[in-house]
Structures are given as C-alpha cells and as structure tokens.
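Open the model in your viewer and keep the selection panel at hand. The stops below go from one residue to the next.

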Number of protein chains: 2
Amino acid sequence: MESTVGIGILGAGTVGSALIQRLVDDHVAIAAKTGLDFSVRRVAVRDLGKARAFEVPDGVLTDDPWLVVNDPEVMLVVEVMGGRDRAGDLVFAALEAGKPVVTANKELVASRGLELVAAAERSGVPLLFEAAVGGGIPIIRPLSETLAGEPVERVMGIVNGTTNFILSRMAEDGAEYGEALAEAQALGYAEPDPTADVSGADAAAKASILASLAFGAWVGVDDVYYEGIEDLSPIDMAFASEFGYAIKLLAVAERSAAGISARVHPVLLPVDHPLAAIRGATNAVFIEGESVGELLFSGPGAGGAPTATAVLGDVIDAARGVLAGAEVAPRIRFSPAELIRFDDVATKWYVRLEVEDRPGVLAEIAGAFGDSGVSIKSVWQEGAGDEALLLIVTHRAAEADQRAAVEAIAKLDPVRQVASVLRVESEEA
Amino acid sequence: MESTVGIGILGAGTVGSALIQRLVDDHVAIAAKTGLDFSVRRVAVRDLGKARAFEVPDGVLTDDPWLVVNDPEVMLVVEVMGGRDRAGDLVFAALEAGKPVVTANKELVASRGLELVAAAERSGVPLLFEAAVGGGIPIIRPLSETLAGEPVERVMGIVNGTTNFILSRMAEDGAEYGEALAEAQALGYAEPDPTADVSGADAAAKASILASLAFGAWVGVDDVYYEGIEDLSPIDMAFASEFGYAIKLLAVAERSAAGISARVHPVLLPVDHPLAAIRGATNAVFIEGESVGELLFSGPGAGGAPTATAVLGDVIDAARGVLAGAEVAPRIRFSPAELIRFDDVATKWYVRLEVEDRPGVLAEIAGAFGDSGVSIKSVWQEGAGDEALLLIVTHRAAEADQRAAVEAIAKLDPVRQVASVLRVESEEA
C-alpha cells in the first residue's frame, strides 16, 4: 500500500543534493520503512549547466523556482535554497496553495517565522524545520512536541560548528584566533567570508528559533542580542582554563519572572558543564526544565548528509499528513513574548584589567563596581609591576550596570586598560 | 479557541500522580501554549482510600479501570498502571474503541507492541509511548520520526538508572556490588526487590523498543538476550579503569548485513566514548547512522516529574489529532525483522583467568582460543606465583565461538579458574 508523494525541491546545494541522492538511492528502503513512495518531480537550481552528484529524469531540473511551487504534481515543497526574501515568498506561496513545506533555512524561520506559521495554520498544512537548528540533531521536534507541556526555563546551545571548531583549536593548541580560523577555512568548516559564523549572526537566528519554541512565544532574530568570537584572545582562553572554565560561543534563551531573553556571546563555562566537553564542529543543545530537569542533545550540527537526514524526517512526517488528507492541527503556536531588554538581563562578568601595581588599586576598582551596583565574586592578580593584571569575576547584575561599572573603571587613573570582558555562565548567583 | 479534551488515566502511582498534578496546576499555561483545555475525567486507582498528592473532583477516582476506558467523556487514555496482561487488555480495548492511547509501560510495548500498533492503525488513532524508554529524554519521537529516513546502524543506551548508579558507585568508590545496591535502595534508586533492574530485564524491554523503532522491524522482548550486573566484581572495575575502560550496562541494538540483533549486558567501553561519561542515575542513548553520524541524548531516565513531562508531550500530540478529527496516519510501521541468533552475534571478550605462573601457559591458552576461531588482541599478566592473573581481550568473534573457547580454556590444566568474562565495545575489530 504505497502511495506516491510528489516532491518539489528549491535548491540543490550541499543539503539539497544529499536529500535528492537519499530519495533516489534509498527509495526502496524508505518505502519499506514508511509505506511512502517519494517521487522528485521538480528541482529548482541556479545553474542548469552545472554537473550534479545526483541523477533525475529530464525535465525535473528547472531554473525557475516558481515552476516548482506551482507544479500541480508537487504535493510537498522542500526549501533548501537559503536566503530571506525570495525563499520566503516561495514558501509563503506554497503554504497558501495548501502544500506542506519543509525548510532548513534558519534565517528565514528566524525572520519571518511568525507569518509563515500563521500561513501554515490558515491552510491546515505543516511547516517543518527540524534542520534549521543543529543540523542532524533532533531538537526542534523534541522541543516543540515532547516538551510541549514542559515549563522550560533555559536553553543553552553550541549551535555553530565553525566557531566551536575555532574555539576548540584555540583552547587545545593555544592557537591565535586568526590561525584557527585559517585552519577552519582550509578544512571547509568555515566559509571564505566567515562573517555570518564568527560574528554570532548565524547562532542568533538559531537562538531566535530555540527561544520561540521553548517558550511558545515569538522571539524574532531582531530581538536577539549577539556578539562573536573575533576579539577572543589566547590569554583569556589560558586564564579560563587555569580557573576551571572553557570558553564557548553559546546561544542562550531564558525565561524568568521578568520575561524572556535570547542572546549569543562567548561565555566562560565551568569545565564540568556538559556543554564544555563539546569539541570541534559538533553541536549540542542543553535544556533545563522545571519538571524534566536537564537534557542534552549532541551530534553533527552541519554537513549535507546529516542535515538531509533531518529534512527527510520532516518530509516523511509531512507526507503522512498529506496522504491522511486531513487538515493538520498546528503543532506550533506563538503567543506574544514578554521580552526583557538586553540591558536588563542579569549576567556575570569576567574582566581582565591591566593595572598599576600599587596599594589601593583594588579598593578603587571595587568601589567603582559597587557604585554601579555590581558586587565582586573573586579577584586574582597575575604578574607584578608593569605586567600586573587583575582578573575579576562579578556576581550577577544587569548588563547595563556591568557596562557602566566597566566604563567607570576604564577611566580610573591606575587602570591602564580594560583588556577584555567576557560573560560567565555558572550555577551560583 | 480552546477545545476541551477529556482524559482518562489508568494508574496514579509516581508518574500518574505527577501527570495529574501537572494537568491541574499548569492548566492555564498548557492551554496558552497549546490551545488545549485538558480535563481529567476519570482516574483508575487500586485503593480508593489512599491519600493522594493531587486533587480531583468527586467521582473522578474509581477502582474499576474499565470505567475509565469505557467512559464516553474520556477521549484519550493514559496508561501508567504498569504490567502486561491487564494493562494490555485495557489499552487494546481503548484503541479498538477509537481512543488514542499514551503509555509509559515499556513491558507492555515490548511484549505486545506489534498487536497494539496494528490495533491503533486499524482504528486510525495514535499509540504513543515516549515515556517507555529514557523517562524524560525525548528518544522515541526522534528515533521514529526525525530519523524515519535514516539508515540507523546501531543504538547503544544506558537505559536503566538503577544499574548505572550502582556501577558509578563501584567505579568511583571501589564499592562492592552489594554495598552499592544497598546505597541505591536507601536513596530510592533501587526497589526493595531489585531483580528487574539488576538482572537486565528492564533494559531488555527498552532494547526491544529501541531496536524495533531504529530498524522499523519488530524485535520483541523475547528476542533480546540479556545479562545483569549481579556478578560484577570490583577487581574487574579496577582493571577496566587501569586499561582505559568504563564498565556500563548497555542496551545494544545493531543492524548488519546478516540481520538485526538486540542485547543487554555489561560492557567495557573506552573511557572516551560519550556513554562512558554518563554517571549516576542519568540515562543516555547513543545513535549511529550511516548519514547522520553520531547522536547522543541524555537526561533523567526515571522519576515522576520527568516521566510525566514525556507523557504530557504525547498527550498534547494525541489531543491535537483528536481535535483535528481525522484518522491519524500511523507513524510507526514494523516489518518482520531478520534476526540474528545471539550465538552468531560478533562481540569482543575480556577474560580474567587465574593461572599457574609457569612457561608455556599462554601458548596453551592461545591455542585453545585459536582452535575455536577466536584470535587474541591483547594479553596482560598481573601478579605472579599463586596470585598470577591473565587478562585477555579478544578480537571480534561469534558469541558461540567465544563461549566454546572459554569452556575449553576452563578445562586446561594450568588454568585454576575463569574468574570473569565480560564483553568489550570499541571501534576496532
């Protein structure tokens, strides 16, 4: 009892090609396991002349993506072309036409998710995007379905493999940022223009999606504060390690009594935290819930084959709905989010200061922190004389207060330089 | 636009009570997040007179579970009473009556899953059991949905918290098995009668479910070979640690060209394997797929609150289907499994022998291994004279051959005793 499901695919890059190969090569195995007979009807590509790793019958390839969306034999649309505007218009049109959509496009979901989810709900078809966060790691479905009734408190994720690879090299080999980046580029983990990854922008789109699903409230990408890893120094990697921390670029989505926040920045994380052990290009998501406790998911966060697995899982899921012929009850609902401004988010700071090595310096600095309402948890002096450094970790305080304190400290006479500032994530206040 | 969904619950033990509390206490939050208005209509308990942690209106509690299943206001049945026969008959009847069922009962699913899945398919209603493996960890849905199109090769899980707690105590404190068990009992991690956990039977039921979902082929609990941890000695824990291994009780489901196998037994696992780091009562499942690579899921594997989270996720999922009013396309299909007999499964063995310390002993032992077609990977002598021990690790060979080799060795003159035998899971052949 196999039923044919015509698939249209927008984009045949790394993920699209891997998906098409799977749909062709594993056709029999997938049919045996799921009862679904998939047929790739239309594939939109940019360049019809380019050599492809997959084989499809004549007439399947087109350079007009609207032919894919509008083809009456296409019952289900897969969007793996990327980008915001054109991809969004195509996805929107497919949903309006009553076709389920599977997308791997985090940028699209994080920017236009609210209207797309609404369009899917109006048409009674699914919009699925398991591959948008964490590549092959099942995270969207667990978060939006298994944990649908869970009061999730916090989600923290290593959701960008490029930056985690770079940070791992810096931590393990003492490499400078530039060296580690060059190595990541040579190995294909980083793009020739690495900005989207190293600036934290890619992770910010994923933080938006994780926050929206975890709290059932829409947190768009423009609501996510982000910082990248470009300014990280091997000196801070070494100090972090000496004091029992790893430095990781984390996406953090939090809910407190005051509201919801989502942010991306490097953090000092205690080495015994499960995320501290995630090395190289691996991704991981750590979820803390009031009832469920702590959950960790890890695996390959990118790459054609793993990401195609996530897309294929969504395709199978959506196809079952298509064949059942019924309107699909929406699995995702977003209520308006009560967002906390980033200035009001409470974090702990690590501050490295180059200071004059003389009595009274610490008192002045501690005074400046205190004047801004920030209290100091620990202070450590490294070196002496002209080389004197103070490493300070504060207790939790609002971002705006931390920033005000550091600005005041930078102006103090015995402070030569605020050499670096990083946030710390740990259990204590 | 909230729609009332009447729920019937079979059993109000740890999980049932936690679920009812959540449905009552979080009623508003769940409705806001999902649009579903749950109403607990009927709860079957063994003892109507017992004090309860939850409050339900008069007339909701009953000691007749059939009243729950047959109540026309019960649109969805949750089975958390446990057991095989009575629970099975009730679940079967609910499905036949067209009511979706959510169950946390691994024993039931592992023994009667095939007929229950068929009954659900006939009625076009979902049968969901996320809580049956790994408590609060989302694992059933990722495996059966996100990875529906993945050629899964192997699933290995720490799926019994009691035994992992005991093994962690033995490894970290050098405790004897009996001491560690007593401590687990004192802390509530082990039952007064711990047999189901320590014998591996509980993990075997979970191995059956994991194997069936991973490979889309029915592997019943009677097809799962299992051994427990009762005979583990601190001596082997210490040697394992010395040679870079942790000892864990693993559920292993594997697919090879020859077929599918599922088994539960203690194994020596390299310390750098992600599962080796899972401590205490935590559960974790490690999945290896041809395309997706390696995935790890970890979290609390038991306990009322985490398990209730998984049940609640299924309840929300099933309720969406009920309200959509459509027949639900089955998400799980089982084809007949081509099973490998356990005798034919290839594993590596660790063997500890008490031997006479004289020339030629190793040659005799190596000869006996060779005669059975087993080749030795490494040999280590510990102690000397009357205390002489040989620690042998073999290459991969069929279980039957490994057993024949050890039986032959036990009869050799210079072999005083085959002190212990354990399996080794590592990458190499």
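Start with A:Tyr225, which is partly exposed, with a relative accessible area of 27%. Here buried means under 20% relative accessible area, exposed over 50%, and partly exposed in between, with a 1.4 Å probe and protein chains only. The model is predicted: local features need pLDDT of at least 70, side-chain atom pairs count only at pLDDT 80 or more, and totals for chains, interfaces and linings use all residues. Residues are numbered from 1 along each chain as its sequence is written, chains are lettered from A and ligands numbered from 1 in the order in which they are written, and side-chain values use heavy atoms, with hydrogens and water left out.

Rings of Phe, Tyr and Trp (its six-membered ring) pair if their centres lie within 6.5 Å; planes under 30 degrees apart count as stacked, over 60 as edge-to-face and the rest as tilted. Over all chains, nine aromatic pairs are counted by this rule. The ring centres of A:Tyr225 and A:Phe342 are 3.7 Å apart and their planes are at 5 degrees, so this pair is stacked. It links distant parts of the chain, 117 residues apart: A:Tyr225 is in strand E9 (residues 225-226) of chain A, and A:Phe342 is in the loop between strands E14 (335-336) and E15 (346-355) of chain A. Strands (E, at least two residues) are DSSP runs, numbered from the N terminus.

Now show both chains. Chain B can be laid on chain A by a turn of 180 degrees and a shift of 0.0 Å along the axis, with an RMSD of 0.0 Å. This is the relation of a two-fold axis. Copies are superposed by least squares on the C-alpha atoms of residues with pLDDT of at least 70 in both. Select B:Phe297: in chain B, its C-alpha is the nearest to the axis, at 2.3 Å.

Colour strand E13 (residues 293-300) in chain B, where six of its eight residues are buried. Which way do E13 of chain A and E13(B) run? They run antiparallel and are joined by three bridges; strands pair if DSSP finds at least two bridges between them. A:Leu296 has B:Ser298 as its bridge partner in E13(B).

Finish with strand E12 (residues 282-289) of chain B, which pairs with E13(B) in the antiparallel sense over eight bridges. E12(B) and E13(B) form a hairpin with three residues between them. Within this pairing, select B:Glu288, which stands opposite B:Glu294 in E13(B).

How values were computed:
Helix = DSSP H or I, 4+ residues; strand = E, 2+ residues; numbered from the N terminus.
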